[in-house]
Amino acid sequence: NPGGMAIYETQGWTLFERHDETVPMWCSFAFSPDGAMLASAGNDGWVRFRSVRASWAEPLPPIQVGRYATAVAFSPDGRRIAVGAKREANECCCAVYDLGSRQEVAEVSGHATEVELAAFLPSGHGLLTLISEKGDWLGSLKLWDLRAPSVPLHLPARGPRHAETAISKDGKHVFAAWSDGSVERWRVGERGATLDGLFPPLLAA
């Protein structure tokens with residue numbers, strides 16, 4: 001919500017912490033792997049960090065990524081973040097920052113629209129990005145190897161927009177749930193991913 005954020009306890013859904021801040025709109029949130037820090041991406045182009053256990057203190061200075069920050073995710077070791085960004089020239093990309101040096105260390109580009117979701121694979125080398133193709137209201141999921149990020153790996157996942165994704169703990173499978181209720185399962189390999197499971201919608205439209 002514009003101007004504030006809140007964290008709730010899952011047992012009883014009682015308010016754990018609230019913080020008010022003047023930001024036009026929050027686009028994405030992510031907890032660090034140890035649960036101690038919350039990163040927030042705002043449509044003012046900044047990623048901000050708050051300590052969950054220390055009265056919302058700022059453990060790290062904010063990072064400006066461009067005109068908009070649309071998605072944020074921590075790497076498995078908590079040392080990097082991936083940020084969906086819209087640059088000053090309206091280029092849409094996903095940039096990876098080292099939190100120690102606060103420098104950009106990788107970028108995956110060529111997205112037609114804003115990156116709505118970013119997620120690291122357990123290895124820390126693989127990165128998933130999701131965009132919505134506004135012309136035909138479809139979602140497009142891409143897989144990248146951050147050691148050679150210029151070209152996405154093979155993952156032709158494309159379906160009705162508003163997908164949710166999940167990655168298996170061993171990093172060998174990616175699941176994509178599309179807004180029509182269908183779910184795809186992709187097996188991840190060195191050169192990309194292959195579809196090895198398709199689950200139809202549970203309920204008829």
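Ser168 is found in the loop that joins strand β15 (164-167) to strand β16 (173-177). Strands here are DSSP runs of E with at least two residues, helices are runs of H or I with at least four residues, and both are numbered from the N terminus. The model is a predicted one, in which local features need pLDDT of at least 70 and side-chain atom pairs count only at pLDDT 80 or more, while totals for chains, interfaces and linings use all residues. Residues are numbered from 1 along each chain as its sequence is written, and side-chain values use heavy atoms, with hydrogens and water left out.

Is Ser168 buried or exposed? Ser168 is buried, since its relative accessible area is 18%. The term buried means under 20% relative accessible area, exposed means over 50%, and partly exposed lies in between (1.4 Å probe, protein chains only). The side chain of Ser168 makes a polar contact of 2.7 Å with the side chain of Asp170. A polar contact is a pair of N or O atoms within 3.5 Å; within protein, one atom must be able to donate a hydrogen and the other to accept it, and residues adjacent in sequence count only if both atoms are side-chain atoms. When residues up to four places away in sequence are not counted, Ser168 touches Pro122 and His173. Contact means heavy atoms within 4.5 Å.

## The chain as a whole

The protein chain has zero helices and 18 strands. Of its 205 residues, 46% are buried. Among the contacts in the chain with a separation of 6 or more, 30% are between residues 24 or more positions apart. The accessible surface of the chain comes to about 10,800 Å², and carbon and sulfur atoms account for 53% of this surface. Accessible areas come from the Shrake-Rupley method with a 1.4 Å probe; for residues, only the protein chains shown count as cover.

## Salt bridges

How many salt bridges are there? The count comes to six, where a salt bridge is a side-chain nitrogen of Lys or Arg within 4 Å of a carboxyl oxygen of Asp or Glu. The table presents several of these pairs.

| Asp44 | Arg48 | 2.8 Å |

Asp145 is buried at 14% relative accessibility, whereas Arg147 is exposed, with a relative accessible area of 56%.

## Cysteines

The structure holds zero disulfides, a disulfide being a pair of cysteine sulfur atoms within 2.5 Å. Cys92 is in no disulfide, and the nearest cysteine sulfur, that of Cys93, is 7.7 Å away. Cys92 counts as buried, at 6% relative accessibility. Cys94 is buried, with a relative accessible area of 0%.

## Two further loop residues

Trp13 lies in the loop between β1 (4-8) and β2 (15-20). Trp13 is exposed, with a relative accessible area of 61%. Together with Tyr8 and Leu15, Trp13 makes a nonpolar surface patch of about 390 Å². Patches are made of residues with over 30% relative accessible area and no salt bridge; like charges are joined within 9 Å, and nonpolar side chains (Val, Leu, Ile, Met, Phe, Trp, Tyr) within 5 Å.

Pro61 is found in the loop between β5 (46-51) and β6 (63-64). Pro61 is partly exposed, with a relative accessible area of 42%. Leaving aside neighbours within four places in sequence, Pro61 is in contact with Phe49 and Arg102. The C-alpha atoms of Pro61 and Arg50, which are 11 residues apart along the chain, are separated by 9.4 Å.
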